[in-house]
Amino acid sequence: MSEFIDGVRRILVTRGIQKSQKEYLSSGKGVFTKGDVVVLVNDLSASASEIVSGALQDCQRATILGQRTYGKGSVQNVLQIPRHTAYLKLTTAYYYLPSGRLLHRKEGEKTWGVDPQVDVRMTPKQTRHC
């Protein structure tokens with residue numbers, strides 16, 4: 001993602017369950033910082049694609065086209081339970097865009113994921129042929 005962003009800028013923040021926060025910055029060494037960028041997303045775009053498209057949108061580096069993304073913005077760890085053949089998947093943090101917007105879709109929330117600037121809907125037939 002740093003390839004498309006000019007200068008050192010915040011591209012992602014994770015906030016943990018114990019109020020811990022980690023900030024991720026672009027490298028400041030972008031090669032493709034000129035020209036137009038369009039990112040196509042839909043309701044099946046999740047996780048890393050939401051982080052990239054949302055950060056590029058927040059940094060005014062890309063136009064997002066399509067439909068609102070899925071809303072999978074959580075950091076999860078898989079822990080083995082000692083002396084058992086069981087595992088526990090634990091959500092330990094959530095991803096936030098540079099604007100501070102939470103990516104993860106939480107129950108009852110009206111906003112999540114990445115909203116495109118240009119809304120484009122595909123029919124089920126068009127989707128099957130992609």
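Q: Leaving aside its neighbours within four places in sequence, which residues is Thr-69 in contact with?
A: A word on the model: it is predicted, local features need pLDDT of at least 70 and side-chain atom pairs count only at pLDDT 80 or more, while totals for chains, interfaces and linings use all residues. Residues are numbered from 1 along each chain as its sequence is written, and side-chain values use heavy atoms, with hydrogens and water left out. Contact means heavy atoms within 4.5 Å. Once those sequence neighbours are set aside, the partners of Thr-69 are Val-41, Asn-42, Asp-43, Ser-45, Glu-50, Trp-112, Gly-113 and Val-114.

Q: Is Thr-69 buried or exposed, and what is its relative accessible area?
A: You will find Thr-69 in the loop between strands S4 and S5 (74-80). A residue is buried under 20% relative accessible area, exposed over 50% and partly exposed in between (1.4 Å probe, protein chains only). Thr-69 counts as buried because its relative accessible area is 1%.

Q: Is Leu-44 buried or exposed, and what is its relative accessible area?
A: Leu-44 also sits in a loop, the one between S3 and H1. In sequence, 75 residues separate Leu-44 from Asp-119, and their C-alpha atoms are 15 Å apart in space. Leu-44 is exposed, since its relative accessible area is 67%.

Q: Which strands are included in what covers the buried residues of H1?
A: Start with helix H1 itself, residues 48-58, where the buried residues are Glu-50, Ile-51, Ser-53, Gly-54, Ala-55, Leu-56 and Gln-57. After the helix comes Gln-60, with a positive phi near 50°. Looking at what covers those buried residues, we find, among others, S1 (10-16), S3, S4 and S6 (87-96).

Q: Which residue takes a positive phi in the hairpin of S1 and S2?
A: Two strands pair if DSSP finds at least two bridges between them. S1 and S2 (residues 21-25) are antiparallel partners over 5 bridges, and Arg-15 stands opposite Gln-21 in S2. Between the two strands lie 4 residues, and the residue in this hairpin with a positive phi, near 65°, is Lys-19.

Q: Which residue in S7 does Leu-65 stand opposite?
A: S4 and S7 run parallel and are joined by 2 bridges. Follow Leu-65 across to S7, and the residue opposite is Val-118.

Q: Among contacts between residues at least 6 apart in sequence, what share joins residues at least 24 apart?
A: Now for the whole chain: its C-alpha trace spans about 55 × 40 × 25 Å along the principal axes. Of its 130 residues, 33% count as buried. If we take the contacts between residues at least 6 apart in sequence, the share that joins residues at least 24 apart is 61%.
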